[in-house]
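Please work through the exercises below with the sequence and the structure at hand. Try each task before reading its solution.

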Amino acid sequence: MVEAKFLKPDTLALHAGQHPDPVTGARAVPIYQTTSFVFRDVDHAASLFNLEVGGHIYSRISNPTVAVFEERVAALEEGSGALGVSSGQAALHIAIATLMGAGGHIVASTSLYGGTRNMLGLTLPRFGITTTFINPRDHDGFAKAIRPETRLVLGETVGNPGGEILDIPVIADIAHKAKIPLMIDNTFASPVLCRPLTLGADIVFHSATKFIGGHGVAIGGVIVESGRFDWEGSGKFPTLTEPYAGYHGIDFAEEFGPHAFIMRARTEGVRDFGSCMAPQTAFYLLQGLETLPLRMARHVENARKVIGFLKDNPAVERIASPELPDHPDHALGQRLLPKGTGSIFSFDIKGGREAGRRFIERLRLFSHLANVGDAKSLVIHPASTTHAQLDAAALKEAGIGEGMIRLSVGLEDPADLLDDLGQALRAAVKA
Amino acid sequence: MKLTVNGHAVSATTGGTDFDPAKPAVIFLHGAGFDRTAWRLQTRWFAHHGRGVLAVDFPAHGWSDGPALDSIAAMADWTAALIEVAGLKQAALVGHSMGALVAVETAARFPDKVRALGLCGVAAEMPVHPEMLESAKANTLKVQELMTFWGMGNALHKGGMVSPGLWLRRESLAVLSGNRPGVIHNDLAACNVYKDALARAAAIKCPTVLVLGDGDLMTPAAKAKPLAAAIAGACTVVISNSGHFMIVERPDETLEALKSGV
């Protein structure tokens with residue numbers, strides 16, 4: 001019996017995209033801190049500019065250090081290619097701009113990062129792109145919301161901050177029946193806990209600032225393409241299937257096939273919008289990727305201990321985590337994310353907004369800041385920060401209460417985390 | 001570009017320029033289960049350097065219609081018909097793997113239609129592992145995984161693509177998974193039973209270059225030696241650190257090897 005013995009994800013996290021430097025022997029990925037790259041001759045220059053040959057021209061479009069990061073994320077996500085960009089928001093923007101222009105429509109989950117909700121609901125309409133928001137559990141709602149001008153279905157693997165799990169295979173099927181792709185924000189799961197492209201999604205993006213980096217020192221984003229969506233058969237994506245004057249009439253689907261989307265995103269998206277990833281950033285994020293499998297296992301382990309502690313604490317009113325059997329998506333989470341649903345979840349503290357304020361201010365180990373997925377444990381009050389732009393109705397729609405606290409459980413000794421949470425909860429309800 | 005061969009629509013990419021039959025033509029023929037897009041880092045260069053380029057999808061592959069052709073001989077007949085339909089008297093044929101066998105067969109049987117040959121990832125015979133054939137017949141994933149695993153050179157299993165950000169393993173699996181049921185088996189079976197390459201080679205009179213990978217497990221470079229020896233005047237370029245997919249693994253070296261010949 002023969003079998004294909006591909007390198008496994010834990011190995012790819014350390015090696016994918018890089019070989020020891022052939023000139024210097026450097027084992028670590030070198031930081032190619034250069035804006036531009038010398039051409040061999042005039043014909044080589046012209047060939048690079050015309051996409052006749054592969055290689056680097058200018059670091060806004062591609063860079064060797066960034067390319068290692070891109071290939072490594074593509075490998076971990078099981079994608080045909082990836083594009084590193086300056087932030088998760090840049091990833092979202094470039095993906096959308098690659099797929100559609102004014103008149104385009106998106107069907108998106110209501111359970112989204114506040115910044116995503118902001119871009120879709122408030123900013124993109126100024127440019128003629130509108131979004132219909134649907135509860136992630138309302139599968140029929142997704143199907144009914146798709147219109148002739150819909151070009152994308154969008155959701156998060158694990159919703160923010162309520163922990164809703166998107167049924168990716170079901171939503172992918174709905175999108176594909178309408179000949180449109182499904183794009184997933186996989187930031188909260190990371191490719192260690194879920195690989196949406198293997199579940200039917202067509203595009204994945206990350207805020208690499210979060211778990212992928214894990215250290216909280218670099219802002220970055222990445223888009224990954226599955227290579228399987230039939231752009232030509234869909235007939236709805238002229239940016240990928242019709243001649244593009246930006247490269248003398250190139251037809252991306254015809255020439256690049258499984259790389260059509262990511263090639264257009266690179267050669268138009270970062271070329272024109274400019275939101276590229278810096279090589280130094282890619283280097284930082286690569287340090288994170290190397291230990292991502294180990295860190296995610298510890299994140300999940302610690303989160304489960306914290307959830308168990310909070311569940312029995314009288315100061316806690318409700319915990320929204322798919323790790324718990326009473327969460328509506330518990331079974332789905334176990335099926336789609338069998339290694340765990342991550343370490344970001346929210347809970348309501350008794351006493352509402354004021355008790356929440358006291359709780360956050362008494363914490364000593366948890367840092368109060370606007371980030372998640374850090375090695376250090378973090379806390380925030382979504383209603384007044386990450387989701388502050390939402391009105392009361394939208395907050396309710398997104399399942400965000402006035403007293404909701406969001407935790408991102410880090411890698412500290414769990415006993416220290418439980419001590420910190422315990423003392424802060426006691427102080428919060430005592431006053 | 002769309003052409004019609006034997007009553008069926010054929011899809012071809014022209015490398016980013018309008019196809020001009022007055023220019024020296026180069027026709028690219030893909031390998032088993034793959035399509036025109038495998039040639040993306042050769043077609044655009046040739047098209048922008050004075051050649052008329054057609055990187056075709058064989059029938060039932062990629063965007064081409066029609067039933068799959070069930071033998072290398074039938075594919076050669078089809079290629080000869082394609083040359084005529086494209087308004088060409090002659091073309092250089094550049095083939096990869098199965099496409100290389102088709103190029104050999106076409107050049108031998110239709111010598112007036114072929115002005116040069118580029119044979120990438122080729123061997124005198126291409127026996128296919130029985131488990132691959134079995135899986136292909138059953139339309140299971142295993143054949144796609146084995147074609148990908150054995151097709152990639154050792155180095156590329158860790159990546160390092162020339163084109164930034166692309167991941168070859170998934171590219172290969174994505175293209176292979178897009179085939180209609182039976183197509184991969186059709187191709188592999190055609191390669192498996194084809195034993196005529198050496199006999200046909202003696203009839204080849206056009207300039208020929210063989211482009212081989214030193215780490216090719218599917219068509220090891222050593223297995224191409226008899227074929228190279230049987231083609232008068234053929235030259236051989238062995239690319240280091242390359243597997244069977246040299247056209248995407250080592251596209252620059254492949255292009256350099258082909259430039260002078262075709």
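The exercises that follow concern a predicted model.

**Exercise 1.** Describe how chain A is divided into domains and how these domains touch.

*Solution.* Start with the bounds: domain 1 of chain A covers 16-289, and domain 2 covers 293-430. Then turn to the contacts, in which 27 residues of domain 1 of chain A meet 37 residues of domain 2 of chain A. On the domain 1 side, the elements that contribute two or more residues are α5 (114-123) and α8 (190-193) of chain A. Finally, sort that side by class, which gives 11 nonpolar, 11 polar and five charged residues.

**Exercise 2.** Find which element of chain A gives the most residues to the side that touches chain B.

*Solution.* Begin with the whole interface, where 44 residues of chain A are in contact with 37 residues of chain B. The elements of chain A that supply two or more residues to its side are α3 (64-77), β1 (81-85) and α11 (252-256). Of these, α3(A) gives the most, with five residues. By class, the chain A side holds 16 nonpolar, 19 polar and nine charged residues.

**Exercise 3.** Decide whether K210(A) is buried or exposed, and describe its surroundings.

*Solution.* First locate K210(A), which sits in the loop between β6 (203-207) and β7 (221-225) of chain A. An unreviewed UniProt entry lists K210(A) under "modified residue: N6-(pyridoxal phosphate)lysine". Now apply the cut-off, by which a residue is buried if 20 or more other C-beta atoms lie within 10 Å of its own. Because K210(A) has 22 other C-beta atoms within 10 Å, K210(A) is buried. Lastly, leaving aside neighbours within four places in sequence, K210(A) is in contact with T187(A), V372(A) and G373(A).

Note on methods:
Residues are numbered from 1 along each chain as its sequence is written. Chains are lettered from A and ligands numbered from 1 in the order in which they are written. This is a predicted model: local features need pLDDT of at least 70, side-chain atom pairs count only at pLDDT 80 or more; totals for chains, interfaces and linings use all residues. Domain bounds come from an automatic or database domain assignment. Two residues are in contact if their C-beta atoms, placed from the backbone, lie within 7 Å. Helices (H or I, at least four residues) and strands (E, at least two) are DSSP runs, numbered from the N terminus. Ala, Val, Leu, Ile, Met, Phe, Trp, Tyr, Cys and Pro count as nonpolar, Asp, Glu, Lys and Arg as charged, and the others, Gly among them, as polar. UniProt positions are given in the numbering used here, feature names are shortened, and annotations may be inferred rather than shown by experiment. A residue is buried if 20 or more other C-beta atoms lie within 10 Å of its own, exposed if 12 or fewer, and partly exposed in between; C-beta atoms are placed from the backbone.
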